[in-house]
Every structure is written in C-alpha cells, then in structure tokens.
Amino acid sequence: MLGELNVKIERPQRDTCIFQADDVNVDYLRSDAYKQKSGRLRGSVMLAGPMLARFKKAYIPKPGGDKIGRRRLDTHIIGFEKLGASFNYSGDGFFELQAPNLKGAYLMLDEPSVTGTANIIMAAVMAEGTTTIYNAACEPYIQQLCKMLNRMGAKITGIGSNLLNIEGVQALGGTEHRMLPDMIEIGSFIGLAAMTQSDITIKNAGIEHLGIIPEKFKQLGIQMNFKGDDIHVPAQDIYEIQTFLDGGVLTIYDHPWPGFTPDLLSIVLVVATQAKGSVLIHQKMFESRLFFVDKLIDMGAQIILCDPHRAAVIGLGRGQNLRGIQMSSPDIRAGVSLLIAALSADGKSVIQNIEQIDRGYQYIDKRLQALGADIKRV
C-alpha cells in the first residue's frame with residue numbers, strides 16, 4: 001500500500017526496509033484499489049495521523065483484520081477532531097478527514113487504545129502548539145514510536161507513562177530504528193515449550209520490554225531461566241497453577257499496559273489445560289475471543305465457558321493427553337493456541353484458515369519443523 005502511495009521502498013534484506021516519502025500520491029487514497037486493500041488490513045488506519053499532519057487530509061476505511069469483537073475507531077476520530085480535523089462518513093465504508101490547520105489540544109482518551117494513541121501522536125507532532133494526551137496507551141510499541149519520532153525531530157515528553165506532552169514542530173527528518181522483538185510470539189513459544197514438555201531457548205527476547213508476561217507464565221507453574229536477553233524454558237513433566245494467597249482459584253485477566261496483554265490470554269488458556277490445578281481466564285476487552293474453546297473441549301480439555309468473556313479451565317495435569325481433531329482458526333491468537341494444542345495432542349490434527357496464523361507468525365511451520373515438530377502445510 002505504501003508503494004502504491006508512491007513511497008520509495010528498498011528491501012536490502014528480509015528484516016530491513018528503507019522508506020523515502022518525498023513524492024507521495026495523495027489522490028491514491030480515494031482510489032478503489034486503496035479502498036479494497038485498506039478495508040482488509042486494520043493497520044491501514046495508521047496512515048491517517050501522518051497524512052493529516054503532512055497533507056491535511058486522510059481517509060480511514062472501516063477496520064478489517066481479526067473477527068474478535070467490535071473494534072471501534074471512536075478514539076482515533078474524536079482525537080483528530082479535538083486537534084481540529086473535521087470528518088465526514090461517506091457511506092461507502094470510508095471516513096474522510098480534513099484538517100487545514102491542526103492545533104494542539106488537551107485530550108482525555110475514553111480508552112487507552114494503542115492504535116488510537118499512536119495515530120493521535122503522529123498527527124499531534126506537527127500540530128501547532130502543545131498537545132497533552134491523558135489516559136494514553138503506554139505499551140512498549142508506543143514508547144518505541146515516541147522515541148523514534150523524537151529522533152526525527154519531534155518533541156515528546158512523558159514517554160512510558162499515560163500522560164504525554166507533545167510540542168508541535170514544523171517538520172520531521174529521517175532516522176534509523178530497530179523494531180522490538182514480538183512479545184506475543186515470545187509468550188507463545190514459552191507456552192508451547194511448557195505444553196509439549198520441550199526444552200527451548202528463546203534468543204534475543206527483549207526481556208526488559210516484556211512487563212509482567214513472564215510473571216503470568218510463572219503463575220501457571222512454568223519454569224524459566226533468564227540468561228542475558230535469552231529465555232530458557234526447561235522441559236517440565238508437570239506445572240502447577242498457583243492460587244491466590246488466601247487459597248482462592250487464580251484469575252488471569254487482560255488489562256491495558258503495564259497489565260497483561262489480551263493477545264496472550266488464548267495462549268495461557270490452552271497451556272492451562274494440561275497444568276495441575278484450575279484457573280479462571282477473564283477476557284475483558286473483546287467479546288468473541290474465547291469462541292475457540294469448543295475445539296479444545298472436543299480435543300478433551302476440561303473447560304467451562306461461563307459467558308463470552310470468561311472461561312474456567314480445570315487442568316488435566318497430564319492425566320490424559322488431548323486428542324487430534326479437525327478445526328479452523330478464527331483469529332491469530334486462537335489459531336496459535338490450537339496449533340500448540342495440536343502439537344501436544346495424540347494423533348493427527350488438521351487446522352484450516354491458517355492464513356490467520358501466518359499473519360502473526362512468520363514461517364511458523366518451518367520454525368517448528370526446525371524444533372522437531374511433525375507439521376506440514378497442505
């Protein structure tokens with residue numbers, strides 16, 4: 001999509017991209033090609049902030065991506081409006097935004113949306129005056145974005161907190177940036193190692209940016225050794241879920257950073273099925289994300305789906321293995337959870353709709369084969 005916007009892109013190697021955006025074709029945003037592609041990719045909404053800041057107009061498609069519940073754009077649109085943008089819904093699935101003169105403002109976000117915060121930051125860095133964002137998301141991704149923008153000439157303070165102050169600048173320059181390791185993938189491999197009783201070392205894990213993720217896996221009884229920036233998960237016959245201090249059943253729930261990321265709840269749920277003990281998984285943010293547990297139940301897991309947001313998992317303690325079945329992946333994280341279940345199960349499993357998994361886990365089949373998994377694409 002960036003290429004079709006006329007951004008010059010070089011890819012000297014697989015993990016490196018060089019972008020030069022000195023001849024952007026803004027009219028492309030109104031084309032049918034953009035409408036079709038952007039509607040399939042939720043990330044396309046992230047073009048809005050930079051386009052508003054630089055070209056005074058932007059188009060946001062109705063979000064695509066995972067079917068994990070409603071994914072509102074209110075935070076983005078309301079934030080842009082407070083900075084001086086006007087918007088019009090064209091009725092054909094597009095929001096059209098105009099901002100002849102962005103001005104800094106005080107914004108209290110109604111929810112600490114990661115993409116919403118990022119989009120508003122990118123618009124605000126070139127708005128006239130000072131912007132204050134309270135209840136801002138403060139995930140490592142947002143911290144990295146702010147640090148990168150500062151290297152490009154932006155003036156952002158409060159990085160790492162939920163209160164950001166942005167002093168608008170006239171122009172931004174180029175920079176070099178190295179992406180963070182994917183914390184969700186790291187959590188997935190921790191869960192995979194425990195579930196399949198494997199001895200795995202995760203290299204260059206970016207441990208300082210993982211927050212409480214390792215702690216949550218420790219609450220499931222999973223052992224981990226930290227060596228420099230590597231995580232070693234030793235093979236474990238059994239892992240026992242902790243209880244609360246008063247002996248109550250553990251509850252693991254998602255929460256905005258620095259709380260536990262919702263993207264790993266599906267992984268924690270599947271790993272808990274073979275633990276010793278019980279846990280309540282409470283998925284607060286998305287109402288459709290637990291709708292894959294029926295497949296785990298078909299595989300022999302003991303799970304009670306209490307409602308769309310809560311599932312009680314009674315660990316089998318490896319008393320009986322899960323059994324392989326045929327299933328379909330509804331979203332990225334559920335897909336990998338089912339893949340982890342399949343790798344630990346007796347017999348053969350077939351997972352359909354794997355493009356969902358591919359979206360979040362590069363070359364996953366080849367990497368698992370390198371670890372000794374019997375897995376193939378059909």
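Which residue forms a salt bridge with Glu-167? It is Lys-155, and the closest N and O atoms of the pair are 4.0 Å apart. A salt bridge here is a side-chain nitrogen of Lys or Arg within 4 Å of a carboxyl oxygen of Asp or Glu.

Before moving on, note that this is a predicted model, where local features need pLDDT of at least 70, side-chain atom pairs count only at pLDDT 80 or more, and totals for chains, interfaces and linings use all residues. Residues are numbered from 1 along each chain as its sequence is written, and side-chain values use heavy atoms, with hydrogens and water left out.

**Stop 1: salt bridges**

Stay on that pair for a moment. Glu-167 sits in strand 9 (residues 163–167) and Lys-155 in strand 8 (residues 155–157), twelve residues apart. Helices (H or I, at least four residues) and strands (E, at least two) are DSSP runs, numbered from the N terminus. Glu-167 is partly exposed at 43% relative accessible area, and Lys-155 is partly exposed at 45%. For these labels, buried means under 20% relative accessible area, exposed means over 50%, and partly exposed is in between (1.4 Å probe, protein chains only).

Now select Arg-367 and Glu-185, whose closest N and O atoms are 2.9 Å apart in another salt bridge. Arg-367 belongs to helix 12 and Glu-185 to helix 6 (residues 183–195), so this pair ties together parts 182 residues apart in sequence. Glu-185 is buried, with 17% relative accessible area, whereas Arg-367 is partly exposed at 30%.

Next, pick Lys-295 and Asp-294, a salt bridge with its closest N and O atoms 4.0 Å apart. Lys-295 counts as buried at 17% relative accessibility, while Asp-294 is partly exposed at 40%. Then show Asp-263, Arg-289 and Arg-333 together: they are linked in a network of salt bridges. The count for the model comes to eleven salt bridges.

**Stop 2: cavities**

How many cavities of 30 Å³ or more does the structure hold? There are two. On a 1 Å grid over the protein atoms alone, a cavity is a set of points where a 1.4 Å probe fits but cannot get out, and a pocket is an open set with protein on both sides within 12 Å along at least five of seven lines; lining residues have an atom within 4 Å of a point. Grid points are joined across faces, edges and corners, and a volume is the space filled by probe spheres set on the points.

For the largest cavity, with about 80 Å³ of space, select Ser-188, Phe-189, Leu-192, Val-336, Leu-339, Ile-340, Tyr-361, Ile-364 and Leu-368. Helix 6, helix 10 and helix 12 each give two or more residues to this lining. By class, the lining has eight nonpolar residues, one polar and no charged. Ala, Val, Leu, Ile, Met, Phe, Trp, Tyr, Cys and Pro count as nonpolar, Asp, Glu, Lys and Arg as charged, and the others, Gly among them, as polar.

The second largest cavity has about 50 Å³ of space. Its lining is Tyr-141, Leu-180, Pro-181, Met-183, Ala-205, Gly-206, His-209 and Leu-210, which divide into six nonpolar, two polar and no charged residues.

**Stop 3**

Go to the second largest pocket, with a volume of about 850 Å³. Of its 28 lining residues, Leu-339, Ser-349, Asp-374, Ile-375 and Lys-376 lie nearest its centre. Helix 10 (332–344), strand 18 (350–352), helix 11 (355–360) and helix 12 (364–370) each give two or more residues to the lining.

**Stop 4**

Most residues other than glycine have a negative phi, and most peptide bonds are trans. Select Trp-257 and Pro-258, which are joined by a cis peptide bond with omega about 15°. Pro-258 is in the loop between strand 13 (250–253) and helix 8 (265–272).

Asn-135 has a positive phi, near 60°, and lies in the loop between strand 7 (130–134) and helix 5 (140–151). Finish at Asn-353, where phi is also positive and near 60°; this residue is in the loop between strand 18 and helix 11, and is partly exposed at 28% relative accessible area.
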